[in-house]
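Work through the exercises below with the sequence and the 3D view open beside you. Try each task by yourself before you read its solution.

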Amino acid sequence: MNDNRYAFFGGQIVPIEQAKVSIMTHALNYGTGCFEGIRAYWNPEAEELYVFRLKEHFERLLRSARLLLIELPYTADELCAITLELLAKEGFHQDTYIRPLAFKSQPVVGVRLHDLEGDFAMFCVPFGKYIEKPEGASAGVSSWRRIEDNTMPARGKITGSYVNSALAKTEAMANGFDEAVVLNADGHIAEGSAENLMIVRDGQLVTTPVYANILEGITRATIKHIAKEQLGLDLVERQIDRSELYVADEMFFCGTGVEVVPVTRIDHRPLGDGRIGPISQQIYDLYFRIVRGQEPRYMNWCSPVYQHATQAA
Ligand code: PY5
(Lines give C-alpha, C1' and ligand atoms only; values in the text may rest on other atoms or scores of the structure.)
Protein backbone atom coordinates (compact mmCIF):
# COMPACT_ATOMS: atom_id res chain seq x y z
CA MET A 1 0.00 0.00 0.00
CA ASN A 2 2.92 2.29 0.72
CA ASP A 3 4.70 1.49 -2.50
CA ASN A 4 5.22 4.24 -5.01
CA ARG A 5 2.65 4.37 -7.76
CA TYR A 6 3.85 7.19 -9.97
CA ALA A 7 6.92 8.61 -11.67
CA PHE A 8 7.76 11.70 -13.64
CA PHE A 9 8.79 10.43 -17.05
CA GLY A 10 8.78 11.84 -20.57
CA GLY A 11 7.59 15.24 -19.38
CA GLN A 12 4.65 14.14 -17.25
CA ILE A 13 3.53 12.21 -14.19
CA VAL A 14 2.67 8.66 -15.26
CA PRO A 15 1.91 5.36 -13.49
CA ILE A 16 5.26 3.85 -12.43
CA GLU A 17 4.77 0.85 -14.79
CA GLN A 18 4.94 3.23 -17.74
CA ALA A 19 8.30 4.74 -16.71
CA LYS A 20 10.50 2.40 -18.77
CA VAL A 21 13.52 2.86 -21.01
CA SER A 22 14.88 0.85 -23.96
CA ILE A 23 17.89 -1.44 -23.55
CA MET A 24 19.51 0.81 -26.20
CA THR A 25 19.35 3.87 -23.93
CA HIS A 26 22.76 5.54 -23.98
CA ALA A 27 22.87 6.05 -20.19
CA LEU A 28 22.16 2.37 -19.52
CA ASN A 29 25.04 1.33 -21.77
CA TYR A 30 27.64 3.93 -20.76
CA GLY A 31 26.63 5.38 -17.40
CA THR A 32 25.97 8.78 -18.96
CA GLY A 33 23.46 10.06 -16.47
CA CYS A 34 23.46 12.06 -13.29
CA PHE A 35 21.15 11.99 -10.33
CA GLU A 36 20.23 13.34 -6.93
CA GLY A 37 19.17 11.85 -3.65
CA ILE A 38 16.74 14.03 -1.72
CA ARG A 39 14.89 13.25 1.48
CA ALA A 40 11.46 14.29 2.65
CA TYR A 41 10.56 13.94 6.32
CA TRP A 42 7.09 13.33 7.74
CA ASN A 43 6.25 15.59 10.67
CA PRO A 44 3.27 14.04 12.49
CA GLU A 45 2.48 17.12 14.62
CA ALA A 46 2.26 19.39 11.59
CA GLU A 47 0.82 16.53 9.44
CA GLU A 48 3.22 17.70 6.80
CA LEU A 49 5.89 16.18 4.60
CA TYR A 50 8.93 18.47 4.42
CA VAL A 51 11.45 18.14 1.59
CA PHE A 52 14.91 19.11 2.78
CA ARG A 53 16.92 21.66 0.77
CA LEU A 54 15.04 20.85 -2.39
CA LYS A 55 16.33 23.67 -4.56
CA GLU A 56 19.98 23.10 -3.63
CA HIS A 57 19.66 19.51 -4.87
CA PHE A 58 18.28 20.61 -8.23
CA GLU A 59 20.93 23.30 -8.57
CA ARG A 60 23.52 20.54 -8.12
CA LEU A 61 21.68 18.27 -10.57
CA LEU A 62 21.85 21.02 -13.18
CA ARG A 63 25.60 21.41 -12.52
CA SER A 64 26.12 17.64 -12.89
CA ALA A 65 24.07 17.74 -16.11
CA ARG A 66 26.30 20.53 -17.36
CA LEU A 67 29.38 18.34 -16.85
CA LEU A 68 27.73 15.69 -19.03
CA LEU A 69 26.41 18.14 -21.64
CA ILE A 70 22.84 17.25 -20.78
CA GLU A 71 20.49 20.15 -21.41
CA LEU A 72 17.26 19.97 -19.48
CA PRO A 73 14.24 22.05 -20.44
CA TYR A 74 13.59 22.88 -16.77
CA THR A 75 14.91 25.42 -14.28
CA ALA A 76 15.68 24.42 -10.69
CA ASP A 77 12.42 26.07 -9.61
CA GLU A 78 10.42 24.10 -12.16
CA LEU A 79 12.06 20.87 -10.98
CA CYS A 80 11.12 21.75 -7.38
CA ALA A 81 7.51 22.29 -8.44
CA ILE A 82 7.44 18.94 -10.29
CA THR A 83 8.82 17.20 -7.18
CA LEU A 84 6.17 18.68 -4.88
CA GLU A 85 3.47 17.71 -7.37
CA LEU A 86 4.74 14.13 -7.62
CA LEU A 87 4.99 13.79 -3.84
CA ALA A 88 1.48 15.21 -3.35
CA LYS A 89 0.15 12.73 -5.90
CA GLU A 90 1.84 9.81 -4.09
CA GLY A 91 0.35 11.09 -0.83
CA PHE A 92 3.03 9.61 1.43
CA HIS A 93 2.70 10.19 5.17
CA GLN A 94 6.15 8.84 5.96
CA ASP A 95 9.81 9.56 5.35
CA THR A 96 10.53 9.43 1.63
CA TYR A 97 13.55 9.35 -0.66
CA ILE A 98 13.36 11.22 -3.94
CA ARG A 99 15.48 10.19 -6.90
CA PRO A 100 15.67 12.57 -9.87
CA LEU A 101 17.72 11.43 -12.88
CA ALA A 102 18.98 13.38 -15.88
CA PHE A 103 20.31 11.05 -18.54
CA LYS A 104 21.34 10.55 -22.14
CA SER A 105 18.10 9.05 -23.32
CA GLN A 106 18.85 8.47 -26.98
CA PRO A 107 18.82 4.80 -28.12
CA VAL A 108 22.09 4.93 -29.98
CA VAL A 109 25.46 3.15 -30.04
CA GLY A 110 28.55 5.36 -29.65
CA VAL A 111 30.57 6.58 -26.69
CA ARG A 112 30.40 10.37 -26.50
CA LEU A 113 28.69 13.19 -24.69
CA HIS A 114 27.89 15.49 -27.61
CA ASP A 115 24.92 15.35 -30.01
CA LEU A 116 22.76 13.20 -27.80
CA GLU A 117 19.24 13.80 -26.51
CA GLY A 118 18.76 14.02 -22.78
CA ASP A 119 15.74 13.46 -20.61
CA PHE A 120 14.64 13.86 -17.02
CA ALA A 121 12.87 11.31 -14.83
CA MET A 122 12.05 11.03 -11.15
CA PHE A 123 10.54 8.64 -8.63
CA CYS A 124 9.96 8.68 -4.86
CA VAL A 125 10.08 5.75 -2.44
CA PRO A 126 9.36 5.43 1.29
CA PHE A 127 12.75 5.13 2.96
CA GLY A 128 14.17 4.58 6.42
CA LYS A 129 17.74 4.43 7.68
CA TYR A 130 20.63 3.79 5.27
CA ILE A 131 22.86 2.51 8.10
CA GLU A 132 20.92 1.25 11.12
CA LYS A 133 23.50 1.53 13.91
CA PRO A 134 22.19 3.73 16.74
CA GLU A 135 25.15 2.73 18.93
CA GLY A 136 27.64 3.92 16.30
CA ALA A 137 28.84 2.40 13.03
CA SER A 138 32.09 0.72 12.03
CA ALA A 139 34.16 1.83 9.06
CA GLY A 140 37.14 0.42 7.22
CA VAL A 141 39.60 2.10 4.87
CA SER A 142 38.93 0.75 1.40
CA SER A 143 41.53 -0.80 -0.88
CA TRP A 144 39.70 0.98 -3.73
CA ARG A 145 40.77 4.56 -4.47
CA ARG A 146 38.45 7.47 -5.20
CA ILE A 147 37.97 8.55 -8.81
CA GLU A 148 40.08 11.58 -9.66
CA ASP A 149 38.75 14.85 -11.06
CA ASN A 150 40.65 14.20 -14.28
CA THR A 151 39.25 10.66 -14.53
CA MET A 152 35.58 11.19 -13.68
CA PRO A 153 34.74 14.33 -11.75
CA ALA A 154 33.47 13.35 -8.30
CA ARG A 155 31.81 16.75 -7.86
CA GLY A 156 29.28 15.61 -10.45
CA LYS A 157 26.82 13.04 -9.19
CA ILE A 158 27.32 10.86 -12.26
CA THR A 159 25.63 7.45 -12.45
CA GLY A 160 28.67 5.66 -13.95
CA SER A 161 30.90 6.93 -11.14
CA TYR A 162 28.91 4.97 -8.61
CA VAL A 163 30.65 1.76 -9.64
CA ASN A 164 33.55 3.24 -7.64
CA SER A 165 31.23 3.66 -4.62
CA ALA A 166 29.71 0.20 -5.06
CA LEU A 167 33.13 -1.50 -5.17
CA ALA A 168 34.12 0.23 -1.93
CA LYS A 169 30.80 -0.43 -0.15
CA THR A 170 30.68 -4.14 -1.03
CA GLU A 171 34.30 -4.66 -0.02
CA ALA A 172 33.69 -2.88 3.31
CA MET A 173 30.63 -4.98 4.10
CA ALA A 174 32.38 -8.22 3.07
CA ASN A 175 35.11 -7.26 5.55
CA GLY A 176 32.53 -6.82 8.30
CA PHE A 177 32.34 -3.01 8.32
CA ASP A 178 29.19 -0.94 7.96
CA GLU A 179 30.81 1.56 5.61
CA ALA A 180 33.99 2.36 3.68
CA VAL A 181 36.37 5.28 3.99
CA VAL A 182 37.83 5.91 0.54
CA LEU A 183 41.28 7.40 -0.03
CA ASN A 184 42.44 9.47 -2.98
CA ALA A 185 45.21 8.19 -5.23
CA ASP A 186 47.64 10.28 -3.09
CA GLY A 187 46.64 8.27 0.00
CA HIS A 188 44.72 11.01 1.80
CA ILE A 189 41.08 10.76 2.73
CA ALA A 190 38.37 11.64 0.25
CA GLU A 191 35.05 10.56 1.79
CA GLY A 192 32.79 7.58 2.46
CA SER A 193 31.40 5.39 -0.33
CA ALA A 194 28.34 7.60 -0.78
CA GLU A 195 28.66 10.31 1.87
CA ASN A 196 31.05 12.89 3.23
CA LEU A 197 32.79 12.49 6.57
CA MET A 198 33.88 14.71 9.43
CA ILE A 199 36.19 14.17 12.37
CA VAL A 200 36.65 15.97 15.68
CA ARG A 201 40.18 16.55 17.01
CA ASP A 202 40.82 18.66 20.09
CA GLY A 203 37.41 20.27 19.80
CA GLN A 204 37.94 21.17 16.14
CA LEU A 205 35.46 19.95 13.51
CA VAL A 206 37.37 18.94 10.38
CA THR A 207 36.33 17.71 6.92
CA THR A 208 38.07 17.06 3.61
CA PRO A 209 38.19 19.96 1.13
CA VAL A 210 36.26 20.27 -2.16
CA TYR A 211 39.48 19.51 -4.06
CA ALA A 212 39.81 16.06 -2.41
CA ASN A 213 37.60 14.40 -5.07
CA ILE A 214 34.48 14.56 -2.94
CA LEU A 215 30.90 15.22 -3.86
CA GLU A 216 30.26 18.74 -2.59
CA GLY A 217 27.62 17.58 -0.16
CA ILE A 218 24.55 19.52 0.82
CA THR A 219 24.51 17.83 4.25
CA ARG A 220 28.17 18.86 4.62
CA ALA A 221 27.15 22.46 3.89
CA THR A 222 24.19 22.18 6.28
CA ILE A 223 26.42 20.95 9.10
CA LYS A 224 28.98 23.67 8.38
CA HIS A 225 26.19 26.21 8.82
CA ILE A 226 24.59 24.78 11.96
CA ALA A 227 27.91 23.96 13.66
CA LYS A 228 28.82 27.63 13.37
CA GLU A 229 25.42 29.05 14.30
CA GLN A 230 24.40 26.63 17.02
CA LEU A 231 27.66 25.27 18.46
CA GLY A 232 30.03 28.14 17.63
CA LEU A 233 32.30 25.71 15.77
CA ASP A 234 34.06 26.65 12.54
CA LEU A 235 34.29 23.74 10.12
CA VAL A 236 37.94 23.35 9.11
CA GLU A 237 38.31 22.10 5.52
CA ARG A 238 41.73 20.54 5.06
CA GLN A 239 43.52 17.40 3.96
CA ILE A 240 42.99 14.52 6.40
CA ASP A 241 45.51 11.68 6.80
CA ARG A 242 44.39 8.11 7.30
CA SER A 243 46.18 7.90 10.64
CA GLU A 244 44.22 10.89 11.92
CA LEU A 245 41.17 8.62 12.02
CA TYR A 246 43.06 6.37 14.45
CA VAL A 247 43.74 9.25 16.84
CA ALA A 248 40.56 11.31 16.27
CA ASP A 249 38.21 11.95 19.19
CA GLU A 250 35.09 11.57 17.05
CA MET A 251 34.01 10.83 13.52
CA PHE A 252 30.72 10.75 11.63
CA PHE A 253 29.46 10.23 8.11
CA CYS A 254 27.05 12.77 6.65
CA GLY A 255 24.90 12.80 3.55
CA THR A 256 21.29 12.79 2.48
CA GLY A 257 20.95 9.00 2.48
CA VAL A 258 23.17 8.28 5.49
CA GLU A 259 21.95 11.44 7.32
CA VAL A 260 24.34 11.72 10.31
CA VAL A 261 25.93 8.42 11.37
CA PRO A 262 28.52 8.52 14.16
CA VAL A 263 31.42 6.09 13.68
CA THR A 264 32.79 4.36 16.77
CA ARG A 265 35.17 1.83 15.19
CA ILE A 266 37.72 2.33 12.42
CA ASP A 267 39.74 -0.54 10.87
CA HIS A 268 38.72 -2.76 13.83
CA ARG A 269 40.02 -0.21 16.38
CA PRO A 270 37.85 1.85 18.73
CA LEU A 271 37.52 5.38 17.40
CA GLY A 272 38.06 7.85 20.26
CA ASP A 273 36.74 6.10 23.36
CA GLY A 274 34.57 3.81 21.22
CA ARG A 275 31.38 5.70 22.07
CA ILE A 276 29.43 8.39 20.24
CA GLY A 277 31.17 11.68 21.04
CA PRO A 278 29.47 14.84 22.38
CA ILE A 279 29.90 16.97 19.25
CA SER A 280 28.64 14.18 16.97
CA GLN A 281 25.65 13.72 19.28
CA GLN A 282 24.80 17.44 19.28
CA ILE A 283 25.03 17.64 15.49
CA TYR A 284 22.97 14.45 15.18
CA ASP A 285 20.18 15.78 17.42
CA LEU A 286 20.14 19.17 15.76
CA TYR A 287 20.14 17.70 12.24
CA PHE A 288 17.11 15.50 12.83
CA ARG A 289 15.09 18.32 14.40
CA ILE A 290 15.92 20.60 11.48
CA VAL A 291 15.10 18.16 8.66
CA ARG A 292 11.78 17.20 10.27
CA GLY A 293 10.74 20.83 10.44
CA GLN A 294 11.02 21.17 14.22
CA GLU A 295 13.45 24.10 14.31
CA PRO A 296 11.59 27.31 13.40
CA ARG A 297 14.74 29.19 12.39
CA TYR A 298 15.60 26.66 9.68
CA MET A 299 12.14 26.24 8.14
CA ASN A 300 13.36 27.96 4.99
CA TRP A 301 15.23 24.69 4.24
CA CYS A 302 12.01 22.65 4.48
CA SER A 303 9.55 22.67 1.58
CA PRO A 304 6.06 21.52 2.65
CA VAL A 305 4.33 19.14 0.23
CA TYR A 306 0.70 19.35 1.27
CA GLN A 307 0.52 23.04 1.99
CA HIS A 308 1.84 23.46 -1.53
CA ALA A 309 -0.87 21.14 -2.88
CA THR A 310 -3.61 23.15 -1.14
CA GLN A 311 -2.22 26.42 -2.42
CA ALA A 312 -1.98 25.10 -5.97
CA ALA A 313 -5.54 23.74 -5.91
N1 PY5 B 1 29.53 11.90 -1.34
C2 PY5 B 1 29.00 11.02 -2.21
C3 PY5 B 1 29.89 10.19 -3.05
C4 PY5 B 1 27.61 10.90 -2.29
O5 PY5 B 1 27.07 10.03 -3.15
C6 PY5 B 1 26.79 11.69 -1.46
C7 PY5 B 1 25.32 11.60 -1.52
C8 PY5 B 1 27.41 12.60 -0.58
C9 PY5 B 1 28.79 12.67 -0.55
C10 PY5 B 1 26.63 13.50 0.32
O11 PY5 B 1 25.97 14.49 -0.41
P12 PY5 B 1 24.63 15.15 0.09
O13 PY5 B 1 24.88 15.59 1.48
O14 PY5 B 1 24.42 16.30 -0.81
O15 PY5 B 1 23.57 14.14 0.01
N16 PY5 B 1 24.83 10.36 -1.90
C17 PY5 B 1 23.44 10.17 -2.27
C18 PY5 B 1 22.54 10.25 -1.07
O19 PY5 B 1 21.34 10.29 -1.24
C20 PY5 B 1 23.25 8.91 -3.04
C21 PY5 B 1 23.83 7.68 -2.54
C22 PY5 B 1 23.73 6.53 -3.50
O23 PY5 B 1 23.01 10.32 0.05
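A polar contact is a pair of N or O atoms within 3.5 Å; within protein, one of the two must be able to donate a hydrogen and the other to accept it, and residues adjacent in sequence count only if both atoms are side-chain atoms. The model is predicted, so that local features need pLDDT of at least 70 and side-chain atom pairs count only at pLDDT 80 or more, while totals for chains, interfaces and linings use all residues. Residues are numbered from 1 along each chain as its sequence is written, and side-chain values use heavy atoms, with hydrogens and water left out.

**Exercise 1. The ligand**

Find which residues are closest to the ligand, and list polar contacts from side chains to it.

Solution. Begin with the surroundings, where a residue counts as near if one of its heavy atoms lies within 4 Å of the molecule. By this rule 18 residues surround the ligand, and the closest are Tyr97, Tyr162, Glu191, Thr219 and Thr256.

Next, look at single atoms. An N or O atom in the side chain of Lys157 is 3.0 Å from a nitrogen atom of the ligand. For Tyr97, a side-chain N or O atom is 2.4 Å from an oxygen atom of the ligand, and for Tyr162 the distance from such an atom to a ligand oxygen is 2.5 Å. Finally, consider the surface: the ligand taken alone exposes 520 Å², of which the protein buries 93%, with areas from the Shrake-Rupley method and a 1.4 Å probe.

**Exercise 2. The largest pocket**

Describe the largest pocket by its volume, its lining and its place relative to the domains.

Solution. On a 1 Å grid over the protein atoms alone, a pocket is an open set of points with protein on both sides within 12 Å along at least five of seven lines, a cavity is a set where a 1.4 Å probe fits but cannot get out, and lining residues have an atom within 4 Å of a point. A volume is the space filled by probe spheres set on the points, which are joined across faces, edges and corners.

The largest pocket holds about 430 Å³ of space. Its lining has 27 residues, and those closest to its centre are Tyr97, Lys157, Tyr162, Ala194 and Glu195. Helix 4 gives the largest share of this lining, three residues, where helices (H or I, at least four residues) and strands (E, at least two) are DSSP runs numbered from the N terminus. By class, the lining has 10 nonpolar, 10 polar and seven charged residues.

Then ask about location. Because domain 1 (6–128 + 302–312) and domain 2 (137–276) both give residues to the lining, the largest pocket lies between them.

**Exercise 3. The cavities**

State how many cavities of 30 Å³ or more the search of the whole structure finds, and which residues line the largest one.

Solution. The search finds two such cavities. The largest has about 50 Å³ of space and is lined by Arg39, Tyr41, Phe52, Arg53, His57, Ile218, Thr219, Thr256 and Tyr287. Strand 4 (38–43) and helix 5 (218–231) are the elements that give two or more residues to this lining. The largest cavity lies between domain 1 and domain 2, because both give residues to its lining.

The second largest cavity has a volume of about 40 Å³, and its lining includes Asp249, Met251, Pro262 and Ser280.

Note on methods: Domains from an automatic or database assignment. Nonpolar A, V, L, I, M, F, W, Y, C, P; charged D, E, K, R; others polar.
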